[in-house]
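Biologist: I would like to go through this model term by term, with the criterion behind each label. Please show it first.

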Amino acid sequence: MTLQHDPVFQSRFLRALRREPVDATPVWLMRQAGRYLPEYRATRAAAGSFLKMAKTPELACEVTLQPLRRFPLDAAILFSDILTVPDAMGLGLYFVEGEGPKFERPLRQVADIEKLAVPDMGSALRYVMDAVTLIRRELDPKVPLIGFSGSPWTLACYMVEGGGSKEWGKVKALALNEPAAMHKLLHVITDAVIAYLAAQHAAGAQVLQVFDTWGGTLSPAMYQEFSLPYLTRITRELKRADAPLILFGKGNAAHLEALAASGAEGVGVDWTVTMHDAARRTQGKVALQGNLDPAMLYGSPAALRAQVRTVLDSYRDGNGGSREGHVFNLGHGMSPDMHPDHVAALVDEVHTYSAR
């Protein structure tokens, strides 16, 4: 089958990422497979742990498909975690209820960094690739599947801190006091991310996204040194053929021009900048993804629909009246206490209001 006749290639989502005309703006949501869905909670309870779900391909497939059964979303995203890569590098990932991810062996010495190596994708991370293959087989052939990874800086944050943090003091201290060691760490993580995304693409993912969740915590100078160059390396060295790459960063509004020049096909935008400004500043170089504040899902369906229209109108206004090149999404992920009926209203409003 040629690309032109592949139903996924002609999907709204991929057409939007190529900045081609679409019949309606495509929409998917970060954390669309998650705890706000009762079916997810049931699967999680039966599995016994988050890691059991993520590391069992059949369970990862089930959870990935759950939101697609409820809502006419324009893409599925692999159910996994950004910390699978450092776990495969030997840091020992585990989860504490109410506290989130932790590592048994965080990187606290330069010598720890010296020991790191790119994990073997066919063994240490095979469960991820098996999940991608299974999801692609079970998913509607017209619906694209998104594979993903954390960014080098974001993964380094968790690997050095040993878990989440408010200040990220340990990792920033490493960057300031031992910049050569920090760059060595980011280099090996970048090599691993490139290999990881390439393996997901080979297994069946048609779109790839990098989550630079904590890049926005860096000062502009530190972002230019410790995040952006490694994102750019990924865009330039990742062999992805026809699979578009989206760079998403929470708090990345200050860096939109640089991200648009990185070589990625799409840039995800959080809610701290209007789509009008994001479109104006990126000048049609990339597709833009975003950017409804997730908290809008706590509003009534009527109020939520109005906010959806505001985002859609803002993109058109900043893009010279054109709707091409926009993927609707949240500016970050959904929370567990959000109501599925509000998600249904959001998806319906995106498709209905933007329909040609």
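Biologist: Which element gives the largest share of the lining of the second largest pocket, and how many residues is that?

Modeller: Helix 9, with four residues. This is a predicted model, so local features need pLDDT of at least 70 and side-chain atom pairs count only at pLDDT 80 or more, while totals for chains, interfaces and linings use all residues. Residues are numbered from 1 along each chain as its sequence is written, and side-chain values use heavy atoms, with hydrogens and water left out.

Biologist: What makes a residue part of the lining of the second largest pocket, and which residues are they?

Modeller: A lining residue has an atom within 4 Å of a pocket point; the points lie on a 1 Å grid over the protein atoms alone, and a pocket is an open set with protein on both sides within 12 Å along at least five of seven lines. Leu107, Arg108, Gln109, Val110, Ile113, Val160, Lys170, Ala173, Leu174, Asn177 and Glu178 pass that test here. Helix 6 (110-114) and helix 9 (169-177) are the elements that give two or more of them. The element names come from DSSP runs, numbered from the N terminus: helices are H or I of at least four residues, strands are E of at least two.

Biologist: How many residues of that lining are nonpolar, polar and charged?

Modeller: Six are nonpolar, two polar and three charged. Arg108, Lys170 and Glu178 are in the lining, and they count as charged because that class is Asp, Glu, Lys and Arg; Ala, Val, Leu, Ile, Met, Phe, Trp, Tyr, Cys and Pro are nonpolar, and the others, Gly among them, polar.

Biologist: What volume does the largest pocket have, and what lines it?

Modeller: Its volume is about 1400 Å³, where a volume is the space filled by probe spheres set on the grid points, joined across faces, edges and corners. For the second largest pocket the value is about 160 Å³. The largest pocket has 42 lining residues, with Arg31, Arg35, Phe50, Asp81 and Phe95 nearest its centre. Helix 2 (38-47), helix 3 (50-55), strand 2 (93-96) and strand 3 (100-103) each supply at least two. By class, the lining holds 22 nonpolar, 13 polar and seven charged residues.

Biologist: What makes strand 5 largely enclosed?

Modeller: Five of its five residues (207-211) are buried, so the rest of the structure largely encloses it. Buried means under 20% relative accessible area with a 1.4 Å probe and protein chains only; exposed is over 50%, and partly exposed lies in between. Val207, Gln209 and Phe211 point one way, Leu208 and Val210 the other. Helix 8 (residues 152-161) is mostly covered too, with 10 of 10 residues buried.

Biologist: Which residues touch the most other members of the largest nonpolar core?

Modeller: Phe13, Met159, Met182, Leu185, Leu288, Phe328 and Leu346, out of 127 residues. Helix 10 (residues 179-203) gives the most, 13 residues. Membership requires a buried Ala, Val, Leu, Ile, Met, Phe, Trp, Tyr or Cys, joined through side-chain atoms within 4.5 Å.

Biologist: Which residues does Lys172 touch?

Modeller: Leaving out residues up to four places away in sequence, Lys172 touches Trp153, Glu167, Thr217, Leu218 and Met222. Lys172 and Met222 are 9.2 Å apart from C-alpha to C-alpha, yet they count as touching because contact is judged on heavy atoms within 4.5 Å.

Key. On a 1 Å grid over the protein atoms alone, a cavity is a set of points where a 1.4 Å probe fits but cannot get out, and a pocket is an open set with protein on both sides within 12 Å along at least five of seven lines; lining residues have an atom within 4 Å of a point.
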